[in-house]
Amino acid sequence: MTAIELALVLGSAALHAFWSVLIKGSRDPVVFNLLQVAPGALLALALLAALPALRIDDATFWGWCAAAALCHGAYLYWMGRALHVADLSIVYPIARTTPAFLPFAAGPLLGERLSAQGIAGIAVTVAGMWLVQTRGHLALRALVGPGAGFALLTLAATVGYGVTDKAAMARLDAADWGAVVPRAVFYFALTELGSFAALLPLTAHRVLAPTGAGAPGIDRAELRNALRAFALSLVGYSLVLEALRTAPASYVVTVRQSSVLFAVALGVFWLRERPGPVRVGGALVIFAGVV
């Protein structure tokens with residue numbers, strides 16, 4: 001990774017930490033995820049209408065894009081279900097272990113070959129993330145407890161969109177581009193549109209449920225937070241997509257796990273938390289792994 005690619009992903013990781021807090025603090029994470037992708041779907045429709053001269057004739061790109069949209073939609077749905085029934089400290093370590101598995105898919109599908117140092121860095125980063133989230137007390141029952149199944153499905157979805165996003169952005173990078181809108185923003189909007197289409201039939205019954213019958217209670221505060229989450233996602237994931245144009249997906253996804261490090265910093269300086277020595281040590285391990 002170049003210094004610019006590294007900076008892009010680190011910036012995205014910092015924004016991702018705020019994004020995760022907004023989702024966990026929502027009344028119904030599944031419905032909240034539908035609300036936060038809705039503006040992106042509208043943005044995609046507006047861009048498609050406003051850029052009639054833009055023609056991408058690469059059928060392979062559209063195939064990867066469709067697959068990525070399904071993976072993103074599945075990720076938001078399964079993550080929402082997991083966070084609805086389990087703590088973030090259980091869901092996050094499982095769902096964000098993507099770097100440990102992505103190389104097995106990126107190798108045969110994308111032709112990525114990692115160096116020995118790269119493999120070691122990935123392993124160290126994942127170990128540090130687990131230390132931060134579990135505080136060193138790993139209970140195997142957490143892997144079969146409430147929310148663990150959805151967390152594992154979320155992990156599968158993250159591996160899926162890690163590969164498909166990289167493949168799609170590589171094809172888009174090679175295409176002629178005459179639009180003012182950056183490629184990353186255009187592609188992000190397309191995946192948001194696909195995610196909205198996938199989430200809507202799965203969550204419509206929860207949104208339309210009468211008061212007292214399981215309705216999540218959508219109010220102005222929830223809508224404002226959904227818009228904040230969309231803004232964070234738009235900027236943060238566009239940075240990742242920009243890096244994916246040229247950097248290996250296995251390294252990009254690994255560096256993005258430094259969002260855990262930023263989450264610890266948020267807890268200390270914003271929420272006045274006092275993390276124990278294990279969590280601080282885990283954050284330092286993540287830093288070492290990224291380096």
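## Helix packing and side-chain contacts in an all-α model

Cys 71 is buried, with a relative accessible area of 18%; here buried means under 20% relative accessible area, exposed means over 50%, and partly exposed lies in between (1.4 Å probe, protein chains only). The structure is a predicted model, in which local features need pLDDT of at least 70 and side-chain atom pairs count only at pLDDT 80 or more, while totals for chains, interfaces and linings use all residues. Residues are numbered from 1 along each chain as its sequence is written, and side-chain values use heavy atoms, leaving out hydrogens and water. Cys 65 also counts as buried, because its relative accessibility is 5%. A disulfide is a covalent bond between the sulfur atoms of two cysteines. With the criterion of a pair of cysteine sulfur atoms within 2.5 Å, a search of the whole structure gives zero disulfides.

Now for the overall fold. The secondary structure comprises 12 helices and zero strands, where helices (H or I, at least four residues) and strands (E, at least two) are DSSP runs numbered from the N terminus. Of the chain's 291 residues, 48% count as buried. The accessible surface of the chain is about 13,500 Å², and 69% of this belongs to carbon and sulfur atoms; areas come from the Shrake-Rupley method with a 1.4 Å probe, and for residues only the protein chains shown count as cover. Taking a contact as heavy atoms within 4.5 Å, 87% of the contacts between residues at least 6 apart in sequence join residues at least 24 apart.

Gln 36 sits in helix α2 and counts as buried because its relative accessibility is 1%. Beyond residues up to four places away in sequence, Gln 36 touches Trp 19, Ile 23, Leu 76, Glu 192, Ala 226, Ala 229, Phe 230 and Ser 233. Apart from neighbours within four places in sequence, Leu 155 is in contact with Ile 94, Ala 95, Thr 97, Thr 98 and Phe 101. Its C-alpha atom is 7.9 Å from that of Tyr 75, a residue 80 positions away along the chain.

Six aromatic pairs were found in the whole structure; rings of Phe, Tyr and Trp (its six-membered ring) pair if their centres lie within 6.5 Å, and planes under 30 degrees apart count as stacked, over 60 as edge-to-face and the rest as tilted. Tyr 161 and Tyr 237 make an edge-to-face pair, 6.1 Å centre to centre with 85° between the planes. Tyr 161 belongs to helix α7 and Tyr 237 to helix α9 (residues 220–244), so this pair ties together parts that are 76 residues apart in sequence. Both tyrosines, Tyr 161 and Tyr 237, are buried. Phe 188 and Phe 230 form a tilted pair, at 6.4 Å centre to centre and 40° between the planes. Since Phe 188 lies in helix α8 (residues 183–207) and Phe 230 in helix α9, the pair ties together parts 42 residues apart in sequence. Phe 188 is buried at 2% relative accessibility, and Phe 230 is buried at 13%. Elsewhere, Phe 61, Trp 62 and Tyr 187 form one aromatic cluster.

Charged side chains contribute four salt bridges, each being a side-chain nitrogen of Lys or Arg within 4 Å of a carboxyl oxygen of Asp or Glu. Glu 222 pairs with Arg 27, their closest N and O atoms being 3.7 Å apart. Glu 222 is in helix α9 and Arg 27 in the loop between α1 (3–24) and α2, so the bridge ties together parts that are 195 residues apart in sequence. Glu 222 is buried at 8% relative accessible area, whereas Arg 27 is partly exposed at 44%. Arg 171 and Asp 58 form another bridge, with the closest N and O atoms 2.8 Å apart. This pair links distant parts of the chain, helix α7 and the loop between α2 and α3 (59–85), 113 residues apart. Arg 245 and Asp 173 meet at 2.5 Å, N to O. Salt bridges with shared partners join Asp 173, Glu 242 and Arg 245 into one network.
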